[in-house]
Amino acid sequence: MKKFILLFVISLCLNTFVNAQVWRKAYDTPMSVPYSGCMVDQNTAWLVGSSQSIFKSTDGGMTWVNKFHFDTTTYTAYDVCFVNSTTGFVGCNYGNMLKTTDGGETWNKFLVPDTTYTNTKIYFFNANLGYVLSTSGKTSIIYKTTDGGATWTTTATITGSYMYSMDFSSPTVGVATGTASSLYYTTDGTTWIKAPNATGFPQISYSR
């Protein structure tokens, strides 16, 4: 019986070793600190980060081309979201947003209402409907637009925690997460509700 158990353990370990997924560095990014990226298809990718630029790849990330660069180091791009091969949005600090409708050849700048906030996370379903998580320290605002960023509606104001991320499963169902066990959710795309803190566990910070 002991021999059988030993053989079983050895077999299990060997199977785990053979089937283990090994992570490796695929390609060098064109910036030292990439903040966000998105894939349009298996070849087209977008990347934003610490270099105050927006980069595009058409070969799956092997090479990158600078498609936009801020004219001052004051501005930084924090998140990028493309809804198709031509239309995309980039969230920046000081309330700035960038939009392209020609695959990144030209970009138009517009503002989310409060210019003292950073547009940390953005999520667009199409060229018109989108959400922005804007943060300033421990205060965050979730904005919604239905006209491609021409006008914005405040759907939530969150205080007391650093909000890091936001994601959606449909145009009306989404979550926003942050520190101090902050998890907010919406089921109608308009009203955000704070989920109750988990009991029996120490206070946690939700991951990005």
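User: What makes a residue count at all here?

Analyst: This is a predicted model, so local features need pLDDT of at least 70 and side-chain atom pairs count only at pLDDT 80 or more, while totals for chains, interfaces and linings use all residues. Residues are numbered from 1 along each chain as its sequence is written, and side-chain values use heavy atoms, with hydrogens and water left out.

User: How do you know what confidence the protein chain has?

Analyst: From pLDDT, the predictor's confidence in each residue, from 0 to 100. The protein chain averages 85, and 82% of the residues score at least 70. Residues 1-10 stay under 50, and the model gives them zero contacts beyond four places in sequence, a contact being heavy atoms within 4.5 Å. Where pLDDT is low, the predicted coordinates should not be read in detail.

User: How many helices and strands does the protein chain have?

Analyst: One helix and 16 strands. Both are DSSP runs numbered from the N terminus: helices are H or I with at least four residues, strands are E with at least two.

User: Why are S5 and S8 called edge strands?

Analyst: Start with the order: the open sheet has four strands, S5-S6-S7-S8, paired antiparallel. S5 (77-82) and S8 (108-111) each have a single partner strand, so one side of each lacks a neighbour in the sheet. On average, neighbouring strands in this sheet are turned by 25° against each other, direction ignored; the axes are lines fitted to C-alpha atoms (for helices over the stretch in contact), with angles from 0 to 180 degrees between N-to-C directions.

User: What makes S7 and S8 a pair?

Analyst: Two strands pair if DSSP finds at least two bridges between them. S7 (residues 96-100) and S8 have four, in the antiparallel sense, and leucine 98 sits opposite lysine 109 in S8.

User: How are S1 and S2 joined?

Analyst: Five bridges join S1 (residues 34-39) to S2 (residues 45-49), and the two run antiparallel. Serine 36 has valine 48 of S2 as its bridge partner. The hairpin from S1 to S2 goes through five residues.

User: What does tyrosine 184 in S15 stand opposite?

Analyst: Alanine 176 is opposite tyrosine 184, and S14 (residues 174-178) is joined to S15 (residues 183-186) by four antiparallel bridges. In S16, lysine 194 is the bridge partner of tyrosine 184; S15 and S16 (residues 193-194) share two bridges, again antiparallel. The S14-S15 hairpin has four residues between its strands, with alanine 180 in the turn at a positive phi of about 55°. The S15-S16 hairpin has six, and glycine 189 takes a positive phi near 75° there.

User: Why is cysteine 81 called buried?

Analyst: Buried means under 20% relative accessible area, exposed over 50%, partly exposed in between (1.4 Å probe, protein chains only). Cysteine 81 has 11%, so it is buried. Cysteine 92, at 0%, is buried too, whereas tyrosine 94 at 42% is partly exposed. Buried residues make up 40% of the 208 in the protein chain.

User: Why do lysine 67 and glutamate 105 count as a salt bridge?

Analyst: The rule asks for a side-chain nitrogen of Lys or Arg within 4 Å of a carboxyl oxygen of Asp or Glu. Lysine 67 and glutamate 105 meet at 2.8 Å, N to O, so they qualify. Lysine 67 is in S4 (residues 65-69) and glutamate 105 in the loop between S7 and S8, 38 residues apart. Lysine 67 is partly exposed at 21%, and glutamate 105 is exposed at 51%.

User: How many salt bridges are there by this rule?

Analyst: Two. Aspartate 79 and lysine 121 meet in one of them, at 3.7 Å, N to O. Aspartate 79 lies in S5 and lysine 121 in S9 (residues 118-124), so the pair ties together parts 42 residues apart in sequence. Aspartate 79 is buried at 3%, while lysine 121 is partly exposed at 22%.
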